[in-house]
Amino acid sequence: MKATVSWSKELQFIGKSSSGHQIEMDGDGAKAAASPMEYVLMAAGGCSSVDIISILGKARQQVTDCTVNLDSERAEGTPRVFTKIHLEFVVTGVDLSEKHVARAVQLSMEKYCSVSLMLSKSCEVSHSYRIESA
């Protein structure tokens with residue numbers, strides 16, 4: 001995997017992935033785009049959500065929506081690393097099995113989500129889930 005990040009203007013940058021996609025980043029208070037740290041936080045939510053949707057699909061669960069609410073705390077001083085991240089998964093569907101949802105969340109957070117597992121090496125990562133009927 002490779003990527004490039006190029007300066008655009010002020011404290012704004014364009015990140016380009018080797019797969020051909022790009023994002024804008026803003027290091028000046030996220031005025032023009034998300035900050036790099038916001039992208040890290042969203043990447044944890046995206047990575048784990050991919051796992052959960054995939055696992056529940058294989059279990060033939062009728063998922064209609066999956067949202068993850070992320071809450072984080074950062075160190076006061078420099079570097080302002082994450083010290084805590086909590087992921088709350090809200091899985092919506094028809095006749096969802098709590099056993100399947102709990103297992104999907106557990107597998108993602110403990111085995112499959114590369115981003116969350118990497119972050120858990122340097123900060124406290126916790127999770128919860130909620131099931132809603134469609």
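Reader: How far apart are the end C-alpha atoms of α1, and what span should its 23 residues have?

Author: The expected span of a helix is 1.5 Å times one less than its number of residues. For the 23 residues of α1 this gives 33 Å, and the end C-alpha atoms are 33 Å apart, which agrees. The model is predicted: local features need pLDDT of at least 70, side-chain atom pairs count only at pLDDT 80 or more, and totals for chains, interfaces and linings use all residues. Residues are numbered from 1 along each chain as its sequence is written, and side-chain values use heavy atoms, with hydrogens and water left out.

Reader: What counts as a helix or a strand?

Author: Both are DSSP runs numbered from the N terminus: helices are H or I with at least four residues, strands are E with at least two. For α2, the 15 residues should span 21 Å, and its end C-alpha atoms lie 20 Å apart, which agrees. Just after α1, Arg-60 takes a positive phi of about 60 degrees.

Reader: Which residues of α1 are buried?

Author: An α-helix has 3.6 residues a turn, so residues three or four places apart point the same way. Buried means under 20% relative accessible area, exposed means over 50%, and partly exposed is in between (1.4 Å probe, protein chains only). In α1 the buried residues include Leu-41, Ala-44, Ser-48, Ile-52 and Ile-55. The buried residues of α1 pack against β4, β5, α2 and α3, where contact means heavy atoms within 4.5 Å.

Reader: And what covers the buried residues of α2?

Author: The cover includes α1, β5, α3 and β6 (124-133). The buried residues of α2 themselves are Val-101, Ala-104, Val-105, Leu-107, Ser-108 and Met-109.

Reader: Which residues of the largest nonpolar core touch the most other members?

Author: In soluble globular proteins, nonpolar side chains tend to be buried together. A nonpolar core is a set of buried Ala, Val, Leu, Ile, Met, Phe, Trp, Tyr and Cys residues joined through side-chain atoms within 4.5 Å. The largest one here has 23 residues, and Ile-52, Ile-85, Phe-89 and Val-91 touch the most other members. At least two residues each come from α1 (36-58), β4 (62-74), β5 (82-94), α2 (98-112) and α3 (114-119). The largest share, six residues, is from α1. Leaving aside neighbours within four places in sequence, the contacts of Phe-89 include Ile-52, Val-105, Met-109 and Tyr-129.

Reader: Is Val-125 buried, exposed or partly exposed?

Author: Val-125, in strand β6, is partly exposed because its relative accessible area is 23%. Beyond four places in sequence, Val-125 touches Ile-85, Leu-87, Met-109, Ser-116, Leu-119 and Ser-120. By comparison, Thr-92 in strand β5 is buried, with a relative accessible area of 12%.

Reader: In what order do the three strands of the open sheet lie?

Author: Strands of a sheet pair through backbone hydrogen bonds, either parallel or antiparallel. Two strands pair if DSSP finds at least two bridges between them. Here the order is β1-β2-β3 and the pairing is antiparallel. The edge strands, each pairing on one side only, are β1 (3-9) and β3 (22-26). Strand β2 (residues 12-17) pairs with β3 over five bridges, and Lys-16 has Gln-22 in β3 as its bridge partner.

Reader: Where is Gln-12, and what does it touch?

Author: Gln-12 is in strand β2 and counts as buried at 14% relative accessibility. Not counting residues up to four places away in sequence, Gln-12 touches Ser-6, Trp-7, Met-25, Asp-26 and Ala-32.
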